[in-house]
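Please open the model in your viewer and keep the residue selection panel at hand. The tour below goes from one selection to the next and says what is found at each stop.

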Amino acid sequence: MSADVILARRQLYMLPSRHGWLLAGMIAVLGMAAINYANGLVYALVFLLVSLGMVTMLHTHRNIHRLRVTVAAPPPVFAGETAQFPLCLVNDTGRARLGIVVEQAKRERARLDLPAGETRTATVTAPAIRRGWVVMPPFRLSTCFPLGILYSWSRTLTLAARVLVYPAPTATGSPATGAAHEGAGATLTHVRGGEDFVGLREYRPSDSPRHVHWKALARGRGWLTKEFGHEGAAVRWFDFDTLAPHDTETRLSMLCRDVLDADREGTPYGLRLPGIALQPSTGESHRDRCLEALALYAG
């Protein structure tokens, strides 16, 4: 299983379509008529139709042969939504590929025309029933180009892609969240990035030399770094253990709502799960880390 597949000859199959079988039957009838009546014009028509079928076989096979299939990074979703896998069809050749069909569970998902040297995107979907990982479902490609008398399809393809499914957020957050707006569930803390001197901590190699406490070093107190920040930021902590007696999935859904609401308001927040503690912060990356921790919680 990989994230990139190039369709080789051993991965492709071909059979006559319904119209192709009708054409084959007509050719058989015309052939018998030509033999019985020794009619040269009917012979010529039979040979012409057979030649047309052979040329069509070549073009139908070439339309899908050496097509490169890959998948882009799928976006996370919430439980109960539909996971969407962006499927990319790459035409690296100098000829156009027309009428490429993406099939999933024997149903047509998309029909694409690929100009020479270009890429087109389709979507393969899967239901996101519960939190965690959802893997990309199998699919296949097919084509009836150019005349529709032959049907060529690939073997079933399974690419190495998966979607992270977050818990479905509840309509309202945890009971402690409402009190946090008024300060009952919030704490005043020092937030980094301000201009006020907060205190000293141990020196780290990545610290700026401007923040090193040189006087302490001269007095033999060792390497210390000055820390600056500001006070007064209401920081919320969302704690799994405080939501008893709700079951695990309900607690995770309530915490998911808390994280989304705090992120929308721009309030610093932290998350505590059994064995996991994400320190208070803000921003998309912090939100995504919290949601990922909720999605993959195995307790």
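Begin by selecting strand 5 (residues 82–90) together with strand 8, which pair in the antiparallel sense over nine bridges; strands here are DSSP runs of E with at least two residues, helices are runs of H or I with at least four, both numbered from the N terminus, and two strands count as paired if DSSP finds at least two bridges between them. This is a predicted model, in which local features need pLDDT of at least 70 and side-chain atom pairs count only at pLDDT 80 or more, whereas totals for chains, interfaces and linings use all residues. Residues are numbered from 1 along each chain as its sequence is written, and side-chain values use heavy atoms, with hydrogens and water left out.

Within this pair, pick Phe 85, which stands opposite Val 124 in strand 8. Then widen the selection to the open, antiparallel sheet of four strands, ordered 1-3-5-8, whose edge strands, each pairing on one side only, are strand 1 (4–6) and strand 8 (119–127). From one strand to the next, the twist averages 25 degrees.

Next, move to the open sheet of three strands in the order 4-12-9, where the pairing is mixed. Its edges are strand 4 (77–78) and strand 9 (132–135), each of which pairs on one side only. Strand 9 runs antiparallel to strand 12 (residues 162–166), and four bridges join them; select Gly 132 to find Val 165 of strand 12 opposite.

Definitions and conventions. Axes fitted to C-alpha atoms, helices over the stretch in contact; angles between N-to-C directions.
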